[in-house]
Amino acid sequence: MSILEAKSLAFSYGDEQLYQNTDIRFFEGEHAVLVGPNGSGKSTLLKLFKKELKPDNGTIEWLPTKQVGYLDQYAKIDGDRLVRHYLYEVFLPLFEKEKQMENLYEQIATVDENEYDRILERASKLGDELVESDFYAIKSKVGDIIHGLGLSMDLLDDPIKHLSGGMRAKIILAKLLLEEADVLLLDEPTNFLDVKHIEWLTRFLNQYPKAFLVVSHHEEFLRAIATTVFAIENKAVVRYKGDYDFYVKERILREEQHKKSFKSQQAFIARTEDFIQKNITRDKTSKRAQSRRKMLGKLDRIARPTKSRTYKFFFPLSRSTGRDVLVTKDLEIGYDEVLVEPITMTIMREEKVVITGKNGIGKSTLLKTVLDVIEPLGGSYTWIDTAKIAYFEQESNLEKALTPFQIVHNQYPDFTIQQVMSLLGGHGIDYEMARRKIGTLSGGEQTKVRLALLRHQKGNVLIIDEPTNHLDAAAKEALKEALIAYKGTLILVSHEKAFYEAICDYEISLYA
């Protein structure tokens, strides 16, 4: 049964059309993934499905009564709330039912005996409903998901604002999984997840009895969960009725066919337009020319094949440093409590180091401590006096109301318009994207804008915190090559071994 139908769907940002006249059907219990390069409109499509955006044309209809759960890759939650209150909100109706039951039992002591049976019957019925809803297994259910995502039950009594960005993302995902919606729309759910937690989420989704649609650039994850693939291609959403490996093979064949069809149609259009131009003013052939003009006007035009974006990531430096770039001695990091054992280390000139560890262990906290953003709780750290640091923060702090052009121009006011556009273009941000507000761009596009800002800082120490979370495969590969070519000292935080193992000289693992 179809639970979602989108008909003649069209949507544009400014002059850039993401989809045109496309139809989509999504079925009960379907396990599907949505793929496409950064900027193709994957996150936008989920927002359209969730009715957070309105299409320019066409309709989107869900089967009535279907509950849709949505994970936004940039979801925000109230930091002052306790994790426990945020998660257990899912079960609030059941807790209210339990309270009603307890109140009924308490009434037994004060009501007339004639009311006993009625009250006991009502209380017993509520108890049966709680049992049927697995109310008494709530704690176990919460624990399973919390542990599966790599968190601990101790976090339940912490304010959300004390959690790292990765831990907050996991809490949002945990609540969504607890809701057991009829349809899950998940935008980049593997961001911030370690390998074993991605494996857990894979098992969870494969056993999920209802439908889901997942956006991710993690190919192994997609390969493990997909039975249907939706791909955004040539301004249309194309269904592949098979798993991810089927999609990869079939896509190549379809791309070739699309190119041939487009080329053939363009040749036909050119011949027809030439005929019209030559014959429109002739008495004998004017009617034929007018007829062909009407036919062209009604022709369903094949979209021009989409070209893969190319990237020119590069991190130059102006001068080198001395030998011992960063030295820490018994450094203690954290907010209210020390997160890890005291850190003593020396990072030397031109070394490339990756910092690893489970989510919430303190990787970003370590970076912020040595960057003077957070006070150390003990010990010391020293930078060499010739260090010039360029820093890529894990969480975006770009002003959502500004365009990429404005953001780059504000940082580099001496750049000409051409220089700004060239810098953005080399990072995969085309003319249309450069004029859109940052808040309308995908996570991958925002990451590329932030990477563009690093180009002319010419830092001899490059500190990069989880840069690959939103990047597509082509951009990730280009970034890897740029970091391998970088001539300065690199301190990288990443959970993707396939990304950092070819870049870094050694690994610093943090443990509690």
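## Glu28 and its partner

Glu28 is partly exposed, at a relative accessible area of 42%. Keep in mind that this is a predicted model. Glu28 pairs up with Lys66 in a salt bridge, 3.0 Å from N to O. Both residues sit in loops: Glu28 in the one between E2 and strand E3 (31–35), Lys66 in the one between strand E4 (57–62) and strand E5 (68–71), so the contact ties together parts 38 residues apart in sequence. Lys66 is partly exposed too, with 22% relative accessibility.

## Strands E1 and E2

Across the whole structure, a search turns up 22 salt bridges. One of them joins Arg25 to Glu5, with the closest N and O atoms 3.5 Å apart. That pair links distant parts of the chain, 20 residues apart: Arg25 is in strand E2 (residues 16–27) and Glu5 in strand E1 (residues 2–13).

Arg25 is partly exposed at 42%, and Glu5 is partly exposed at 26%.

## Within helix H16

Here's a local one: Lys480 and Glu477 form a salt bridge at 3.9 Å, N to O. They're three residues apart in helix H16 (residues 473–485), about one turn of the helix. Lys480 counts as buried at 15% relative accessibility, while Glu477 is partly exposed at 37%.

## The two faces of E11

E11 pairs with strand E10 (residues 324–332) in the antiparallel sense, over five bridges. Thr346 is the bridge partner of Val327.

Technical notes
Residues numbered from 1 in each chain as written. Predicted model: local features only at pLDDT ≥ 70, side-chain atom pairs only at ≥ 80, totals over all residues. Heavy atoms only, no water. Pairing = 2+ DSSP bridges. Helix = DSSP H or I, 4+ residues; strand = E, 2+ residues; numbered from the N terminus. Salt bridge = Lys/Arg side-chain N within 4 Å of Asp/Glu carboxyl O. Buried < 20%, exposed > 50% of the residue type's maximum accessible area, 1.4 Å probe, protein only.
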